[in-house]
Amino acid sequence: MKVKMLSRNPDHYVRETKLDLHRVPRNYDPTLHPFEVPREYIRALNATKLERVFAKPFLASLDGHRDGVNCLAKNPKSLATVLSGACDGEVKIWNLTKRKCIRTIQAHEGFVRGICTRFCGTSFFTVGDDKTVKQWKMDGPGCGEEEEPLHTILGKTVYTGIDHHWREAVFATCGQQVDIWDEQRTNPICSMTWGFDSISSVKFNPIETFLLGSCASDRNIVLYDMRQATPLKKVILDMRTNTICWNPMEAFIFTAANEDYNLYTFDMRALDTPVMVHMDHVSAVLDVDYSPTGREFVSASFDKSIRIFPVDKSRSREVYHTKRMQHVICVKWTADSKYIMSGSDEMNIRLWKANASEKLGVLTSREKAATDYNQKLKEKFQHHPHIKRISRHRHLPKSIYSQIQEQRIMKEARRRKELNRIKHSKPGSVQMVSEKKKHIVAVVK
Amino acid sequence: MSTNQAVESKLLASNQQKELEDLPKDYPLSTSEDEGDTDGERKHQKLLESISSLNGKDRQKLAERSEASLKVSEFSVSSEGSGEKLVLSDLLEPVKTSSSLTAVKKQLNRVKSKKTVELPLHREEIERIHREVAFNKSSQILSKWGPVVLKNRQAEQLVFPLSKPQSAFAPIEHVVSGWKAGTPLEQEIFNLLHKNKQPVTDPLLTPVEKASLKAMSLEEVKMRRAELQRARALQSYYEARARREKRIKSKKYHRILKKGKAKQALKDFEKLQKVNPAAALEELEKLDKARMMERMSLKHQNSGKWAKSKAIMAKYDLEARQALQEQLSRNKELTQKVQVASESEEEEEGQEEEEETLVPDMVNEVQIKANGLNPWMSQNHFIDAKETDVQKDLEDPAEPEALETSESEEERAVVEEETLLKEFEERRSLRQKSKLNHMVEPVHRRVTKDPSSQEVLSELRAPSQKLITENHQSGKQELSSVRTAQREESAREEEEPMLLQRPKRARTLDELEELGREGCVENKKLPRTAVEGLQLGKNRSNHIGAPKEKKRKEQMIDLQNLLTTKSPSVKSLAVPTTVQELEDEEERDQRHMIKEAFAGDDVIRDFLKEKREAVEASKPKDLDLTLPGWGEWGGMGLKPSAKKRRRFLIRAPEGPPRKDKNLPNVVISEKQNMHAAAHQVQVLPHPFMHHQQFERTIQTPIGSTWNTQRAFQKLTMPRVVTKPGHIIKPIKAEDVGYQSSSRSDLSVVQRNPKRLSIRHKKHVENNCVD
């Protein structure tokens with residue numbers, strides 16, 4: 001006779017080693033787990049609140065400069081190394097892990113206008129107010145040697161910016177014109193100009209490396225082609241652009257930091273309308289740098305704050321400020337996309353987290369799963385009023401806060417006036433101009 | 001002076017000075033004017049002659065103008081001089097023929113077609129064109145990134161850094177070729193390898209391996225594999241079948257199977273005889289051989305161990321005796337000599353077969369008919385057949401297990417088996433039917449309570465029971481047989497009413513109602529003992545009848561309710577009354593039907609009640625602040641005084657009038673949950689096109705409580721993944737499978753120095769001082 005008994009396969013409940021987790025059988029029957037939406041909503045709410053609780057973005061302040069920090073550069077081969085040039089002509093090389101300055105060079109007399117590293121990370125270039133371009137070794141001088149540049153190029157006019165080619169021994173400077181230099185020569189191999197005005201910055205395209213972008217003080221942004229040694233196109237904006245930065249993942253996209261408090265993201269092929277106008281700053285935007293993932297960028301502003309914008313959003317997702325931070329002149333996003341560095345007027349370089357509430361260090365797999373889940377929940381319920389309010393809430397310094405209020409009033413007034421004008425004029429004679437089109441004066445071929 | 005010269009000069013003047021040089025050199029062209037007249041004239045004469053000779057044979061002699069005339073032609077053609085009319089063709093003739101002038105004409109045409117050279121473009125304009133061309137070129141180069149950018153923007157997940165580090169595994173050949181044997185041991189191993197012709201470089205196969213690879217082509221291997229697979233599958237299938245069959249315990253089944261096999265074998269043999277006599281003979285021989293073997297081995301005689309034991313048991317045990325008998329008969333069968341059938345016998349057999357076929361034909365026909373026309377009929381027929389069988393059985397002496405195995409008996413046994421098999425089937429089908437007819441059964445039971453029907457039933461039951469008891473002689477099967485008999489009986493009952501179900505049921509219901517009423521009366525009148533037989537059914541019917549009446553009463557109330565509620569019924573007067581009557585009738589019917597259908601539920605009253613409740617619930621409640629025992633005695637059974645209660649009762653203010661106050665058929669809910677509204681999304685967010693889309697995204701849970709681990713991981717996959725401590729470089733053409741331009745940007749610049757304008761160069765030179 002066969003006796004039927006309840007039996008379980010030991011494989012289903014016996015652990016192979018005692019370090020394994022206990023197997024937990026689960027029943028996914030939805031009737032056993034009711035109220036999924038309210039429960040997830042509460043989880044999302046908690047995640048949002050916790051995110052705000054743990055949002056502590058400020059990591060370190062690197063002090064040592066004796067004047068305002070004018071320019072920053074990152075080493076393409078080392079995450080820990082950062083270079084900075086100050087307004088007194090001093091260049092400092094920092095180690096981020098130790099948070100210490102490892103080398104100081106008196107590079108120029110007057111401002112260090114621009115600094116850039118070679119693509120191989122072995123040397124770097126500086127330009128200064130003393131009309132020189134200097135190349136320096138990344139490693140310090142040996143014992144007994146004097147701190148001397150590898151090469152020095154004397155120019156006739158002041159150079160205001162410098163950028164190095166991404167793959168070849170070529171760099172570009174800007175001043176009265178854009179010069180392209182071979183590292184081995186003392187004369188530029190080609191100079192490009194279009195109109196007469198001082199060009200404030202020049203940047204190589206990181207993907208299609210023969211393209212350059214520059215911005216001049218006559219309110220224009222000019223694109224150049226290095227191969228054909230000719231400018232390509234010029235777009236004139238309402239106010240002058242301070243810097244541009246190319247998207248490292250999208251070859252034809254660049255963002256311009258403008259004096260009119262806005263940033264403009266352009267598609268290089270269609271300059272007549274910017275892809276996106278990013279507004280949130282309440283003073284001139286001085287610098288911009290893309291995250292290496294190409295999804296976000298950080299901007300430094302004269303209003304003593306830095307903001308992080310998603311590329312496809314017109315409003316910033318984050319604003320960083322501290323009481324002691326003055327006008328932020330330069331900003332850089334580190335190559336591992338985790339940190340942001342900002343150099344400001346009051347001689348400090350600050351290190352921030354790119355995600356304010358991110359936990360640093362190694363995460364266990366369960367922690368990682370939890371953060372991923374929380375992130376998804378926040379995304380899912382982001383439109384719900386409570387969650388939206390909490391996630392958007394930031395404390396702002398009074399100056400910025402009041403400025404925002406004021407500008408909102410001004411904007412509303414302008415809008416009302418425009419509406420009134422349309423209302424009281426012949427229909428069709430006055431057109432509403434979109435925000436994107438409003439700031440573009442002309443595109444010159 | 002000379003007209004000839006004038007003509008010449010006119011002809012030549014049209015040409016450019018340069019082209020004059022084309023003319024032959026030996027004829028001087030220009031005349032010197034400064035020479036003396038006489039000399040000049042002479043020379044001029046000569047020239048004219050030479051020119052005339054140049055033109056060849058028939059040069060027109062032009063008339064010399066000797067006297068003054070008013071009309072002086074420019075071309076020195078005078079009509080007076082010759083006295084003839086001048087024709088244009090005559091003038092043009094020399095031009096046509098002159099070969100030396102064709103070149104001149106050509107050049108003339110060429111000059112005519114040439115335009116003046118335009119002014120060079122302005123420098124700025126040139127630059128603009130350069131810029132535009134360069135821009136188009138570079139934007140064309142950039143547009144190849146379009147799909148990549150789009151893909152990355154829409155990607156579910158992006159993992160950075162994009163370029164994966166290349167695995168640093170070198171192929172073994174390279175490693176081996178770069179390595180040299182140093183130690184003696186290694187050298188020895190190498191020598192061994194070389195002796196074995198073990199290749200150290202590229203295709204890592206020995207010649208033997210290569211040969212073995214070549215030995216069988218891929219198709220062959222595939223075919224062979226497929227064959228093997230099929231064979232294996234077949235084998236396993238047969239094995240499984242055999243196992244299944246072996247597991248069947250029923251002896252009867254096995255006996256039947258065995259007999260079936262024997263029959264089949266016989267049939268096969270007959271067929272074989274017809275088709276291939278030689279093979280049949282062989283078969284016969286085989287059988288003969290088997291018989292001989294059997295005779296030699298004496299296997300089936302009662303000399304074996306098993307047979308001896310059975311023999312002992314046989315005295316007491318019927319089954320053992322039977323088994324022994326069987327074995328003996330088997331022995332007999334096997335040892336019987338097989339007779340070779342002659343042709344005449346075959347004929348006889350054929351006749352017999354004919355005879356045999358005659359009888360079953362009818363049966364078959366009937367069966368076919370039955371099968372074709374009516375499934376019920378076939379069963380009836382079958383039952384009839386069974387009954388006949390039963391009759392036969394009754395006639396026959398009831399000993400199927402008689403020792404003699406006569407043909408007739410065998411046949412009957414076969415029939416029996418068949419009937420048994422059929423019985424099994426029937427039983428199964430009946431079981432299914434009984435399930436289907438489960439609902440119907442009780443009614444029929446009630447019907448069959450009538451004594452007359454019971455009698456009929458008992459009559460019906462008797463033969464079947466007999467049949468079964470006779471079929472299954474062994475006593476242990478009695479119980480089951482009774483059961484089956486009951487089942488059969490019920491089934492037979494069901495078969496008939498299936499067709500007549502509807503009306504009968506209705507009738508019975510009516511009857512029941514009537515019965516119920518009568519029963520109510522009768523119950524009072526008749527003494528209990530007299531109606532005992534009917535008691536049960538009547539009581540039941542009585543119970544059924546009572547609620548019915550209640551329901552009727554309820555329906556009456558319903559109607560009253562309907563009348564009391566003001567239903568907005570509009571009567572159109574325009575409709576003719578006859579039609580209205582008709583319609584009324586129809587309506588009445590309709591209403592009646594609806595009333596019957598929804599006899600149980602009272603919708604309107606329910607709704608009224610619901611509304612009243614809703615109104616009550618939405619009314620603001622009075623607040624009672626009395627504290628029992630405060631200022632007076634409290635405890636069990638004591639209530640605060642009415643005065644106190646009045647004093648501390650705070651009456652709720654009358655709320656605004658309800659929106660559905662004047663709408664009797666509507667409930668408008670007035671409670672909007674303000675607390676929930678604070679958590680709800682008021683406006684459809686941007687990327688969604690429809691609120692349903694949005695709701696669906698909200699409603700699908702992503703947590704691990706509701707999803708499997710894998711699904712959870714997939715759902716919570718982050719959009720961007722970066723590795724800590726890894727440098728993310730800008731995207732490269734190689735990362736996405738494009739070819740990056742091999743030429744360097746620098747070399748191109750150096751190759752195109754002419755593009756630099758002179759001004760730029762000068763500027764640069766001024767600018768840069770070493």
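This is a predicted model: local features need pLDDT of at least 70, side-chain atom pairs count only at pLDDT 80 or more; totals for chains, interfaces and linings use all residues.
**Stop 1: chain B as a whole**

Select chain B and colour it by secondary structure. Chain B has 30 helices and 4 strands. Now think about burial. Of its 770 residues, 15% count as buried. Next, consider contacts within chain B between residues with a separation of 6 or more. Residues 24 or more positions apart account for 60% of these contacts.

**Stop 2: a patch on chain B**

Stay on chain B. Select L121(B), I126(B), I129(B) and V133(B). Together they make a nonpolar surface patch of about 340 Å². V133(B) is found in helix α6, which covers residues 123-143 of chain B.

**Stop 3: where the chains meet**

Show both chains now. How many residues does each chain bring to the contact? Chain A gives 78 residues and chain B gives 77. The two chains bury about 6,900 Å² between them. Of this buried area, 61% is on carbon and sulfur atoms. On the chain A side, select R227(A), M249(A) and R295(A). These residues lose the most area to chain B, together 11% of what that side buries.

Look for charged pairs next. The interface of chain A and chain B has 2 salt bridges by the rule used. To see a salt bridge, select E250(A) and R153(B). Their side chains meet in one, at 2.9 Å from N to O.

**Stop 4: the largest nonpolar core**

The largest nonpolar core has 63 residues. Which members touch the most others? They are I180(A), L212(A), I221(A), F254(A), F266(A), M268(A) and W145(B). Note the chain letters as you select them.

Centre the view on L212(A). Leave aside residues up to four places away in sequence. Among the residues that L212(A) then touches are I180(A), M192(A), F204(A), Y224(A) and W246(A).

**Stop 5: V112(A)**

Move to V112(A). This residue lies in strand β6 of chain A, residues 112-117. Is V112(A) buried or exposed? V112(A) counts as buried because its relative accessibility is 0%.

Show its neighbours, again skipping residues up to four places away in sequence. V112(A) touches N70(A), C71(A), G85(A), A86(A), G89(A), E90(A), V91(A), T126(A), V127(A) and G128(A).

Finish with a distance. Select the C-alpha atoms of V112(A) and G161(A). These residues are 49 residues apart along the chain, and their C-alpha atoms are separated by 9.2 Å.

Note on methods
Residues are numbered from 1 along each chain as its sequence is written. Chains are lettered from A and ligands numbered from 1 in the order in which they are written. Side-chain values use heavy atoms; hydrogens and water are left out. A nonpolar core is a set of buried Ala, Val, Leu, Ile, Met, Phe, Trp, Tyr and Cys residues joined through side-chain atoms within 4.5 Å. Buried means under 20% relative accessible area, exposed over 50%, partly exposed in between (1.4 Å probe, protein chains only). Contact means heavy atoms within 4.5 Å. Patches are made of residues with over 30% relative accessible area and no salt bridge: like charges are joined within 9 Å, nonpolar side chains (Val, Leu, Ile, Met, Phe, Trp, Tyr) within 5 Å. Accessible areas come from the Shrake-Rupley method with a 1.4 Å probe; for residues, only the protein chains shown count as cover. A salt bridge is a side-chain nitrogen of Lys or Arg within 4 Å of a carboxyl oxygen of Asp or Glu. Helices (H or I, at least four residues) and strands (E, at least two) are DSSP runs, numbered from the N terminus. Buried area is the accessible area (1.4 Å probe) that two parts lose on being put together, summed over both.
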